[in-house]
Structures are given as structure tokens and as C-alpha cells.
Amino acid sequence: MRHLPLLLGVLLLTAAVAPPVSLPGAYRPPENYVLWSNGPGYRATLLPEQFAREAVAMVECESSGDVDAIGDQGRAFGRLQIRLDVHRVNMVELGLDPMQEADRILFAARLWREQGWEPWHNCAAMLGLLK
């Protein structure tokens, strides 16, 4: 059951990259963006399509999809293992809650825009995502 939110993220990604269907009043993300959700009851987040597509594999590598994963001797949290000892202040300054997975995913997308997958070097190298 812990993989249901990851599956939902994949389904949203799949739906977002499928040919658009024109529905009156339906929201469509901007081009090259998709809606990502951590599962039922979580808010959806608008993310770059490439990040979302690659993040599915990165999440599996970093945390096996476990939203409650804690690594790096208690310093990294969530599916993408955000190091709160390094990033907590930046997250708070951006108005993000370091203890909320949706906010950690948003912050991960920001790191990815600035640095690519380098902050996740080990998994990125294994997945061939380093440039």
C-alpha cells in the first residue's frame, strides 16, 4: 500500500503526457509541466515534466517509495531523501514546511532546476541521470 502514492504520481504523469482532451473549464498544466500528488488527501503540485518523469526512478532508488524514509544517519527525509541539516533554513525561507512531503518534493524540484540530479549523486549515477 505504501507504493499507492508513487503509483498515483505515475498515473498523473501518464495522464499529463497523454494527448490532451479538450474539456470545457478543465485545468491543463502549462506545457512541459505535470501535476504530481503524493496520494489521496494530498495537494497536487505542479512540477516540470522531465523532473517528474525522472523522479519516479529516483524515488524508488532513494527510498523505495517510502514517504516516511529516514536516511543518512537521521538527516535525510522522505521519498527523495532531502537533507534537512543542509536545506531546512532554505526551505523555511521559501515558505516550505520541511516536515511535509509535498513541500520536500517542491524543494527537490527547485534543487533539480538549479543543480540537476547532482545532489542525489549516487542514485543519479546508477540511473544514468548525471550530465
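Is D72 buried, partly exposed or exposed? At 41% relative accessibility, D72 counts as partly exposed, where buried means under 20% relative accessible area, exposed over 50%, and partly exposed in between (1.4 Å probe, protein chains only). The model is a predicted one, in which local features need pLDDT of at least 70 and side-chain atom pairs count only at pLDDT 80 or more, while totals for chains, interfaces and linings use all residues. Residues are numbered from 1 along each chain as its sequence is written, and side-chain values use heavy atoms, with hydrogens and water left out.

Confidence comes next. The protein chain has an average pLDDT of 81, and 74% of the residues score at least 70; pLDDT is the predictor's confidence in each residue, from 0 to 100. A contact here means heavy atoms within 4.5 Å. Where pLDDT is low, the predicted coordinates should not be read in detail.

As for the overall layout, the protein chain has 5 helices and 5 strands, arranged along the sequence as α-β-β-α-β-β-β-α-α-α. Helices (H or I, at least four residues) and strands (E, at least two) are DSSP runs, numbered from the N terminus. Of the 131 residues in the protein chain, 38% are buried. Among contacts between residues at least 6 apart in sequence, 44% join residues at least 24 apart.

Strands β1 (residues 33-36) and β2 (residues 45-48) pair in the antiparallel sense over 4 bridges; two strands pair if DSSP finds at least two bridges between them. Within that pairing, L35 stands opposite L46 in β2. In a regular strand the side chains alternate between the two faces of the sheet. For β1, V34 and W36 make up the covered face, and Y33 and L35 the uncovered one.

Next come the aromatic rings. There are 4 aromatic pairs, counting rings of Phe, Tyr and Trp (its six-membered ring) with centres within 6.5 Å; planes under 30 degrees apart count as stacked, over 60 as edge-to-face and the rest as tilted. F51 and W112 form a tilted pair, at 5.5 Å centre to centre and 55 degrees between the planes. This pair links distant parts of the chain, with F51 in helix α2 and W112 in helix α4, 61 residues apart. Both F51 and W112 are buried. F51 also pairs with W117: the ring centres are 5.3 Å apart and the planes lie at 15 degrees, so this pair is stacked. Because F51 sits in helix α2 and W117 in the loop between α4 and α5, the pair ties together parts that are 66 residues apart in sequence. The relative accessibility is 0% for F51, which counts as buried, and 3% for W117, also buried. Ring pairs join F51, W112, W117 and W120 into a cluster.

The model has 1 disulfide, defined as a pair of cysteine sulfur atoms within 2.5 Å. The partners are C61 and C123, with an S to S distance of 2.0 Å. Since the torsion about the S-S bond of C61 and C123 is about -85 degrees, the disulfide is left-handed. C61 lies in helix α2 (residues 49-63) and C123 in helix α5 (residues 121-127), so the pair ties together parts that are 62 residues apart in sequence. C61 is partly exposed at 25% relative accessibility, whereas C123 is buried, with a relative accessible area of 8%.

Another residue worth a look is R104, found in helix α4 (residues 101-115). R104 is buried, with a relative accessible area of 6%. A polar atom of the R104 side chain lies 3.3 Å from the backbone oxygen of M99. Leaving aside neighbours within four places in sequence, R104 is in contact with V67, F77, G78, I82, M91, P98 and M99.

Finally, back to the backbone. D72, in the loop between β3 (70-71) and β4 (76-77), has a positive phi of about 50 degrees although D72 is not a glycine. Q81, in the loop between β4 and β5 (82-83), has a positive phi near 50 degrees and is likewise a residue other than glycine. Q81 counts as buried at 9% relative accessibility, whereas D72 is partly exposed.

Note on methods:
Polar contact = N/O pair within 3.5 Å; in protein donor to acceptor, adjacent residues only side chain to side chain.
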